[in-house]
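Hi everyone, thanks for making time for this. Could you bring up the model on your screens so that we can walk through it together?

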Amino acid sequence: MLDNSVTIKAPSVEQAVKIGLSKLNITEDQAVVTVINEGKKGLFGFGKQDAIVEISAKTKISLNDLAEETTEVEEVAAAVALESQVVAEPVVPSQEVSPLIEEAALVEETEEVVESEEKTEGSVSLEAVARYLEDVIKAFGAEAKVSVEASSREVHFNIETDKSGLIIGKHGKIIDALQSLAQVMVHRGHHRRVAVLLNVGDYRDRRAGILESIADRTARQVLKTKQAVILDPLPAFERKQIHSHLSQIEHVKTHSEGVEPNRYLVVEYEN
């Protein structure tokens, strides 16, 4: 079997993508591009870092094909969260409807009480949620094993796969959409809300490093110009990471504006 994924290091993201596409002999619309490190230009040659990009060829039905449907997935998940009926058996997805949207609509079949030994009638375990995620991922051409780590305040779903690029998706859209689904499933029936995190390998650690870099760069700009900076829309948990990081810097404050899934952070100067 030929390799359908490569990791490329180059002076810029654009160059890395071009090299990767050439190696895989595919066009950009046939690829899933995951930016692992955006790279740094450095100053007078010092501190320079190459960009690192992972490029995967799309399967016949790729998770990345759903990147544009992320908003719709989140809307379905939000609607499901308002329902209380538990579906006993999953329905086979219609061929005329996006499989992930069908899977999202079935979120209502699961309930779990993490902080109580007593489960409500019809509720299932976190292991069942993990198996459910495996089925969703498999439906789009990626074999994966999902394990669970849970505490009274957090639930972590860790994904092991040889197609991490497909599951992460461009700019992390797919893994964030899957996390939204997992969050709705876990929160249903809980006596208290818990934080839900979906991770592939060390993606979240790498992403946290990128977010801190963005936060530091933004803080320097705000402190220099004393003008507010608006960041691109981010998931709630990533906005929280940036807010937490910037809260340690004097004369810098943050607040969120907009409506999900396009809610964003505003970073301002504070006397």
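First, the ground rules. What we have here is a predicted model, where local features need pLDDT of at least 70 and side-chain atom pairs count only at pLDDT 80 or more, while totals for chains, interfaces and linings use all residues. Residues are numbered from 1 along each chain as its sequence is written, and side-chain values use heavy atoms, with hydrogens and water left out.

So, the overview. The chain holds 8 helices and 9 strands; these are DSSP runs, H or I of at least four residues for helices and E of at least two for strands, numbered from the N terminus. Of the 271 residues in the chain, 40% are buried. Here buried means under 20% relative accessible area, exposed means over 50%, and partly exposed lies in between, with a 1.4 Å probe and protein chains only. Taking contacts between residues at least 6 apart in sequence, 61% join residues at least 24 apart; contact means heavy atoms within 4.5 Å.

Please find helix H4, residues 126-138, and helix H6, residues 173-187. Their axes are 11 Å apart and they pack at an angle of about 150 degrees. The axes are lines fitted to C-alpha atoms, for helices over the stretch in contact, and angles run from 0 to 180 degrees between N-to-C directions. H4 and H6 are therefore roughly antiparallel to each other. For the classes, under 35 degrees is roughly parallel, over 145 roughly antiparallel, 65 to 115 roughly perpendicular, and the rest oblique. The crossing of H4 past H6 is right-handed, and the convention is that the near helix is turned clockwise from the far one by less than a right angle, with anticlockwise being left-handed.

Which residues of H4 and H6 meet? On the H4 side we have Leu126, Val129, Tyr132, Leu133, Val136 and Ile137, and on the H6 side Leu178, Ala182, Met185 and Val186. The residues of this contact divide into 10 nonpolar, no polar and no charged. In this scheme Ala, Val, Leu, Ile, Met, Phe, Trp, Tyr, Cys and Pro count as nonpolar, Asp, Glu, Lys and Arg as charged, and the others, Gly among them, as polar.

Staying with H4, its buried residues are Leu126, Val129, Ala130, Tyr132, Leu133, Glu134, Val136 and Ile137. Let's zoom in on Ile137, in helix H4, which counts as buried at 1% relative accessibility. Setting aside neighbours within four places in sequence, Ile137 is in contact with Ala142, Ala144, Ile159, Ile167 and Leu178. Its C-alpha lies 9.4 Å from that of Leu166, 29 residues apart along the chain.

Over in H6, have a look at Leu181, buried at 2% relative accessibility. Is Gln179 buried or exposed? At 3% relative accessibility, Gln179 counts as buried. Beyond neighbours within four places in sequence, Gln179 is in contact with Val196, Leu197, Leu198, Arg204 and Phe237.

That takes us to the second pair. The axes of helix H7, residues 203-225, and helix H8, residues 236-246, come within 9 Å and cross at roughly 50 degrees. That makes H7 oblique to H8. This contact involves Arg204, Arg207, Ala208, Leu211, Glu212, Ala215, Asp216 and Ala219 of H7, together with Phe237, Glu238, Gln241, Ile242, His245 and Leu246 of H8. The residues there divide into 7 nonpolar, 2 polar and 5 charged. The crossing of H7 and H8 is right-handed.

Last stop, the loops. Most residues other than glycine have a negative phi. Asn25, although not a glycine, has a positive phi of about 60 degrees. Asn25 sits in the loop between helix H1 (13-24) and strand S2 (31-37), and is exposed, with a relative accessible area of 69%. Lys226 also has a positive phi of about 60 degrees without being a glycine. Lys226 is in the loop between H7 and strand S7 (229-230), and counts as partly exposed at 48% relative accessibility.
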